[in-house]
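Here's a quick briefing to read with the structure open beside you.

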Amino acid sequence: MNKSNLVQLQNIFRNEFNFKFIEISSGFYALYNKLYSKLKDFVNNSLPDLINSEFEESISQYDKDFFINHLSDFFSKFLQESDYISQNVENSQNLFTNEKYYYKKGSYFENLSIDLEDGFKLNFKLTFKESKKEGKDKNVKFFILEKDLNPVIYSPSEKIIIINFQYRQLLNDEFKGSKRIIEKTIKNNSYKLILKNIKDPNLLKILKKRHFSNESDNLTYYINLYYSKMDSDRFIHNHLRKYMKKELKNYIQRQLLPILLKTFDNTKIFEDFRKNIKSFEFIGKEIIDVLAKIEEIKKRLFFKKKFVYNTNYGISLKKIPSKYYLEIMENKDQLTKWRENLNLNSLMEDSASLTIEFLKSTPFLIIDTKNFPDDFKFKIISDFPDLNNLIQGILIKSENFQAMNLLYPSYHNSIKCIYIDPPYNTGQNFLYNDSFEREAWLTMMKNRLIIAKNLLKTNGIFFSSIDDNELAYYSILVENIFKKRLNTIIWHKKTQPSYLSKELIPVTEYIIAAKKKNEIIKLMGGYGDLKKLTELINIGNSVCERTLDKKNILINSGKWSGTLTNGLYGKEKLKVELLNGPIHVKKGVPNKNLKLKTRFKWSQDRINLEIEKGGIIHIKSIKSLRPTIQRFYDKPIIKAPTTLLSKKINSLPTNTDANTELKNLFKISNFDYPKPVELIKYLIRAVTYFENEGIILDFFAGSGTTAQSVLELNSADNGNRKYILIEKEEYFEKLLVPRIQKLMFSSKWKDGSPVSNEGYNHIYKSICLEQFSDCFLNIILKKKSNLYLDFSDRKIKYIIDWSNIETPISLNFKLFDDPFDHKLILSENGVIQEENVDLIETFNLLLGLIVINSKIFSNQDRNYHVVFGYLNKTEKIKVLVIWRASLGLNLDKEVKFLEEEIIPQFIADEIYINGKFSLKNAKSIGFSFNKLMFQIESKISKRDKK
């Protein structure tokens with residue numbers, strides 16, 4: 001056997017398992033870092049042993065090396081940065097039937113942790129990330145050593161060196177030159193400063209040592225790695241084992257069986273070759289099992305319902321009892337936010353102006369519980385009965401697939417209208433890469449549309465904006481997922497287009513509409529003309545006689561006086577014959593009924609009924625005597641929406657108007673291509689007009705136009721629509737939330753200042769979610785010696801059990817004995833930090849609990865947080881959930897308290913409680929939590945084909 005062929009095969013897997021970066025314990029690489037010993041043993045030992053033991057020795061050209069080369073050929077086709085992307089990107093079947101899930105890999109290592117030799121660790125840590133600018137001012141940013149903190153921190157006892165960076169634009173007095181020169185200078189300065197701050201000779205020796213890649217010394221290599229761009233589309237395969245084993249069989253049939261048939265004349269070679277094909281398949285399946293096990297871990301973490309943290313509420317002051325005003329008035333953080341966001345300077349000159357009287361006179365101020373202690377937040381929300389009904393909007397900071405996955409139990413078949421404005425795949429840089437390969441873009445959209453469909457009500461409508469770049473393929477994708485795609489709406493987005501294009505100048509975009517079932521859903525597009533005249537003659541009808549009541553006839557608009565005689569009036573098939581003349585007319589009013597013979601389309605009874613309701617028959621011309629009727633309507637005439645939306649036809653605004661809307665709110669428009677409020681209002685009103693209620697979902701929320709549209713619609717028709725907005729980018733805090741708070745305070749703004757004293761009396765809830773990439777910050781590998789390690793600090797970890805194929809991932813906590821003190825390492829806008837997770841909100845969403853009420857009770861020197869609601873199911877199951885710190889509780893005494901003080905206040909079908917308990921018939925939150933968190937919804941992981 002040629003060793004180089006084996007090495008070539010091994011290197012395929014060394015690259016796949018990132019052995020080159022195995023010392024990196026950041027991001028996605030952390031998984032391979034944890035599994036390194038097992039993967040290394042497989043590649044270096046198990047794989048060669050398999051090959052040596054399985055393949056038959058052969059004296060022919062079809063020896064071990066022949067089959068090793070074919071193993072290399074087969075696996076190299078699938079292992080493209082762990083994505084397993086089909087090479088045939090434009091295959092139309094592949095675009096819509098594959099089972100891959102898209103996720104966005106970060107552009108850079110914002111935080112990089114490296115395990116060095118001798119137990120040393122090198123951490124590149126991001127402490128500040130400049131806000132992304134969505135307008136035209138998108139200057140280049142650099143990773144620059146921290147200016148305000150100590151940029152280099154070394155802990156000899158822990159053997160950790162931390163290098164603090166900022167990611168921002170350059171200041172005027174900083175580096176000059178081209179981007180390449182500046183970056184080189186920054187790297188050199190970082191290198192020198194790091195070495196200057198290290199006094200440990202052993203660590204210095206390691207950092208200056210040649211890196212095993214032989215490219216440079218270790219420190220230079222890691223600095224360059226930190227700066228390297230790694231933007232790429234990533235996928236997770238839903239059924240990798242099944243898929244790759246099927247492809248392995250196909251490969252054998254295409255590549256090996258034809259060769260086997262050629263050796264048929266030589267019995268010895270034929271038999272050896274046949275046995276080696278079986279060995280080839282066996283080894284291939286063993287390799288696939290390893291790959292599939294890793295993919296299953298990724299998949300479990302991807303589909304795992306994510307933890308909630310930073311749950312907060314925005315509440316109009318008008319809704320808050322005055323007993324809280326003193327505490328509000330003394331909160332300096334809230335006052336600062338009011339000054340920054342609401343421009344209160346015109347109302348109050350200094351902090352001394354803030355009095356209880358001022359609060360009472362300014363009812364549209366917004367209390368953001370983010371600015372207050374948790375105790376205050378819990379007190380406030382517990383004062384609201386039927387809280388779920390009162391919350392009119394939910395804002396979720398999250399990648400949208402993860403958010404919708406968590407929302408699924410609570411909101412499946414519940415959304416009335418979905419509107420999204422996704423990236424158009426134009427080549428610009430979005431959170432969701434806007435320059436995808438077509439398959440990647442369609443996969444990204446397909447994953448999200450499948451969940452969206454299952455969140456949508458049966459009589460709900462899905463709308464999605466799109467432009468020419470992906471209209472054709474996207475239309476087919478929408479039709480493939482939804483039962484029925486409606487006609488595509490054309491929106492005239494520009495009235496003053498740019499003339500830079502040398503070919504066609506785009507002035508329109510498109511809105512694709514779809515629904516779940518092939519049933520008519522009545523939509524509202526506008527009002528008809530109540531004065532419109534309806535023809536009473538139809539050329540296709542038979543000739544008949546009708547009598548028209550003189551009291552409801554107006555001839556020639558009341559201008560004509562004279563006599564009508566018997567005979568024929570008009571031309572050809574629309575001739576009208578007067579049968580009972582002469583009839584004398586004075587100022588348009590006849591002296592007797594008109595008896596006419598013509599091609600009437602209505603019966604005599606129908607005409608009489610319309611006249612009784614107040615209809616008036618008009619005869620415009622005495623030459624034709626052609627009757628029309630102006631009908632009486634006690635309700636407005638509703639017209640369906642048209643497929644062309646423009647200023648001329650529907651009075652709908654353009655992109656220019658949308659930019660003006662943002663400029664009025666924020667002084668400048670710092671967001672590219674926003675949609676105008678009136679356009680989104682038109683679409684939402686079309687679906688919700690007849691009920692004035694329903695949940696509106698926007699999972700590419702951007703600047704928050706959809707929320708403003710819902711607020712304005714509810715104000716106009718006293719509706720009860722609610723919105724759910726999902727957005728991942730950092731302008732969630734910089735733009736979306738401030739926009740809603742501004743509108744709550746004042747409905748009208750000009751140049752960043754309020755111009756109305758009236759806002760919207762409103763409550764919204766805001767939550768942040770753990771992300772897929774965060775999971776890799778919290779993984780540990782289960783060891784045989786102990787099932788769970790000591791986690792007295794209550795840090796949540798995901799335990800990888802390499803030996804367990806069915807459930808390779810589990811939580812380290814089972815009881816949640818202190819539910820208010822569990823922490824998770826998360827990346828917040830690129831900055832790694834510890835956050836307290838909100839187990840209460842997370843469990844509500846895992847259960848699919850629609851919260852009716854939440855209260856706080858006290859017992860044995862601790863608070864009991866109690867949530868009551870019902871499950872989002874056909875049959876309403878009422879549920880009571882009880883949270884408390886269970887450590888040190890007298891469980892027997894607690895049972896009496898629960899049965900006498902809490903349970904009688906709620907009529908519940910099911911009771912859940914955390915930690916240890918003695919309450920009979922109650923269910924363990926911990927057990928249910930683990931089960932629900934890792935449960936994969938079948939309708940999410942597999943397209944609903946009903």
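The largest nonpolar core in this predicted model takes in 206 residues, and Ile328 and Tyr474 have the most contacts inside it. Helix H10 (residues 267-303) puts in the largest share of this core, with 14 residues. There's also a second, separate core of 37 residues, and its members include Tyr29, Ile186, Leu195 and Tyr226.

**Around Tyr474**
- Setting aside neighbours within four places in sequence, Tyr474 touches Trp441, Leu442, Met445 and Leu449, among others.
- Its contacts also include Phe462, Ser464, Ser465 and Ile466, along with Ile420, Pro422 and Ile512.

**Helix H8**
- H8 spans residues 218-227 and is mostly covered, with 8 of its 10 residues buried.
- The buried set is Asn218, Leu219, Tyr221, Tyr222, Ile223, Leu225, Tyr226 and Tyr227.
- Tyr226, one of those buried residues, is also part of the second core.
- Strands are among what covers the buried residues of H8, including S2 (112-115), S3 (121-129), S4 (142-145) and S6 (160-168).
- Helices H6 (179-196) and H7 (201-208) are also part of that cover.

**Asn447, a buried polar side chain**
- Asn447 sits in helix H17 (residues 438-455).
- Is Asn447 buried or exposed? Its relative accessible area is 1%, so Asn447 counts as buried, the cut-off being under 20%.
- The Asn447 side chain reaches the backbone oxygen of Lys100 at 3.0 Å.
- A polar atom of that Asn447 side chain also lies 2.7 Å from the backbone nitrogen of Tyr102.
- Apart from neighbours within four places in sequence, Asn447 is in contact with Lys100, Tyr101, Tyr102 and Phe401.

**The S35-S36-S37 sheet**
- Three strands make up this open sheet, in the order S35-S36-S37 with mixed pairing.
- S35 (779-781) and S37 (809-811) are the edge strands, each pairing on one side only.
- From one strand to the next, the twist averages 35°.
- S35 and S36 (residues 798-800) run parallel and are joined by 3 bridges.
- Ile780 stands opposite Ile799 in S36.
- H10 turns up again here: it lies across S35, S36 and S37, running at about 40° to S37.

Notes
Residues are numbered from 1 along each chain as its sequence is written. This is a predicted model: local features need pLDDT of at least 70, side-chain atom pairs count only at pLDDT 80 or more; totals for chains, interfaces and linings use all residues. Side-chain values use heavy atoms; hydrogens and water are left out. Buried means under 20% relative accessible area, exposed over 50%, partly exposed in between (1.4 Å probe, protein chains only). Helices (H or I, at least four residues) and strands (E, at least two) are DSSP runs, numbered from the N terminus. Contact means heavy atoms within 4.5 Å. A nonpolar core is a set of buried Ala, Val, Leu, Ile, Met, Phe, Trp, Tyr and Cys residues joined through side-chain atoms within 4.5 Å. A polar contact is a pair of N or O atoms within 3.5 Å; within protein, one must be able to donate a hydrogen and the other to accept it, and residues adjacent in sequence count only if both atoms are side-chain atoms. Two strands pair if DSSP finds at least two bridges between them. Axes are lines fitted to C-alpha atoms, for helices over the stretch in contact, and angles run from 0 to 180 degrees between N-to-C directions.
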